[in-house]
Amino acid sequence: MKSLGFIEVSGVVAAIEALDTMVKTADVEFVTWERKLGGRLVTMIVQGDVSAVTQAVETAAAQCISDKPLVHAVIARPHEETIKMVELSASRLHNLPVI
């Protein structure tokens with residue numbers, strides 16, 4: 001089972017930078033993102049094995065271009081209900097029209 005990594009930052013630019021750092025740091029893949037408050041709060045979600053996700057999230061948190069991320073977390077063995085919630089978010093992302 002894959003682990004999930006989350007990092008929440010202020011703003012879309014910081015979120016994209018955090019994602020770029022995570023995927024360059026370790027063998028993780030982007031799952032989805034959530035934007036709240038008109039994009040002022042953005043959560044990026046990645047998946048991979050627990051050590052890779054931990055390394056990716058911790059590196060992105062340390063190198064964040066904003067002051068610091070609001071919160072970050074790694075879930076090593078997500079419960080099936082947690083997986084459903086992330087999959088729902090990802091399905092909304094994949095159903096958006098391409099610009």
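This report walks through the sheet, the helices and the nonpolar cores of one predicted model.

Residues are numbered from 1 along each chain as its sequence is written. Because the model is predicted, local features need pLDDT of at least 70 and side-chain atom pairs count only at pLDDT 80 or more, while totals for chains, interfaces and linings use all residues; side-chain values use heavy atoms, leaving out hydrogens and water.

Let's start with the sheet. It is open and has four strands in the order β2-β3-β1-β4, with antiparallel pairing. Strands here are DSSP runs of E, at least two residues, and helices are runs of H or I, at least four, numbered from the N terminus. Two strands pair if DSSP finds at least two bridges between them. β2 and β4 sit at the edges, each pairing on one side only. β1 and β4 share five bridges, and E8 stands opposite V71 in β4.

Angles run from 0 to 180 degrees between N-to-C directions of lines fitted to C-alpha atoms, for helices over the stretch in contact.

| Helix | Strands touched | Angle |
|---|---|---|
| α2 | β1, β3, β4 | about 10° to β1 |

What about the inside? A nonpolar core is a set of buried Ala, Val, Leu, Ile, Met, Phe, Trp, Tyr and Cys residues joined through side-chain atoms within 4.5 Å, where buried means under 20% relative accessible area (1.4 Å probe, protein chains only). The largest core has 19 residues, and I7, V9, M22, V28 and M44 touch the most other members. α2 gives the largest share, six residues. A second, separate core of six residues includes L4, F6, V31 and I45.

Definitions and conventions
Buried < 20%, exposed > 50% of the residue type's maximum accessible area, 1.4 Å probe, protein only. Contact = heavy atoms within 4.5 Å.
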